[in-house]
Amino acid sequence: MDKTLAALADPTRRKVIELLREGPLPAGELAQAVRMSPPALSRHLRVLRAGGLVAAEAGEADARLRLYALRQEPFVALQAWLDQVQAFWNEQLGSFKEHAERPRKAPGASTVSGDTNAEPPR
């Protein structure tokens with residue numbers, strides 16, 4: 001999870017992820033799309049590979065060409081973690097809503113129901 005979040009912390013790497021959502025691409029096309037030199041993009045791709053977010057495979061037409069593609073597993077793990085965080089906040093907001101909608105006692109009202117000895121509010 002830490003490697004996934006660290007890799008996604010950089011805007012260039014998030015842009016690469018967005019581009020790869022359309023399908024596998026070679027590094028050269030990715031570099032052009034993010035307006036970056038191939039060596040500079042290579043460093044970002046290395047981080048994405050180390051985090052397991054992308055995989056590089058040889059192209060079918062040209063074995064020298066490396067195609068980068070998204071890997072599903074780290075995104076599934078990230079989504080599971082986000083779902084847990086969302087469930088926590090849903091529970092917290094539900095408790096707050098319940099508290100906010102609870103009928104309130106009027107000021108000076110008796111705390112014991114049926115208390116006939118309590119003085120009426122002034």
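**Close-up 1. Arg 35 in the loop between α3 and α4.** In this predicted model, Arg 35 lies in the loop that links α3 (27-33) to α4 (38-50). Its phi is near 55 degrees, a positive value in a residue other than glycine. Most residues other than glycine have a negative phi. Arg 35 counts as exposed because its relative accessibility is 79%, and the cut-off for exposed is over 50%.

**Close-up 2. The largest nonpolar core.** This core has 17 residues, and the members that touch the most others are Val 16, Leu 20, Leu 30, Leu 41, Leu 45 and Leu 48. At least two core residues come from each of α1 (2-8), α2 (11-20), α3 and α4. The largest contribution, four residues, is that of α2.

**Close-up 3. Contacts of Leu 48.** Leaving aside residues up to four places away in sequence, Leu 48 touches Ala 7, Arg 13, Val 16, Ile 17, Leu 53 and Val 54. Leu 48 is also one of the core members that touch the most other members.

**Close-up 4. The three-stranded sheet.** The sheet is open, with antiparallel pairing and the strand order β1-β3-β2. β1 (25-26) and β2 (54-58) are the edge strands, each pairing on one side only. Strands of a sheet pair through backbone hydrogen bonds. Two bridges join β1 to β3 (residues 66-70) in the antiparallel sense. Leu 25 has Tyr 68 of β3 as its bridge partner.

**Close-up 5. α4 against the sheet.** Helix α4 packs on the sheet and touches both β2 and β3. The directions of α4 and β2 make an angle of about 110 degrees.

Notes
Residues numbered from 1 in each chain as written. Predicted model: local features only at pLDDT ≥ 70, side-chain atom pairs only at ≥ 80, totals over all residues. Heavy atoms only, no water. Buried < 20%, exposed > 50% of the residue type's maximum accessible area, 1.4 Å probe, protein only. Core = buried A, V, L, I, M, F, W, Y, C linked by side-chain atoms within 4.5 Å. Contact = heavy atoms within 4.5 Å. Pairing = 2+ DSSP bridges. Axes fitted to C-alpha atoms, helices over the stretch in contact; angles between N-to-C directions.
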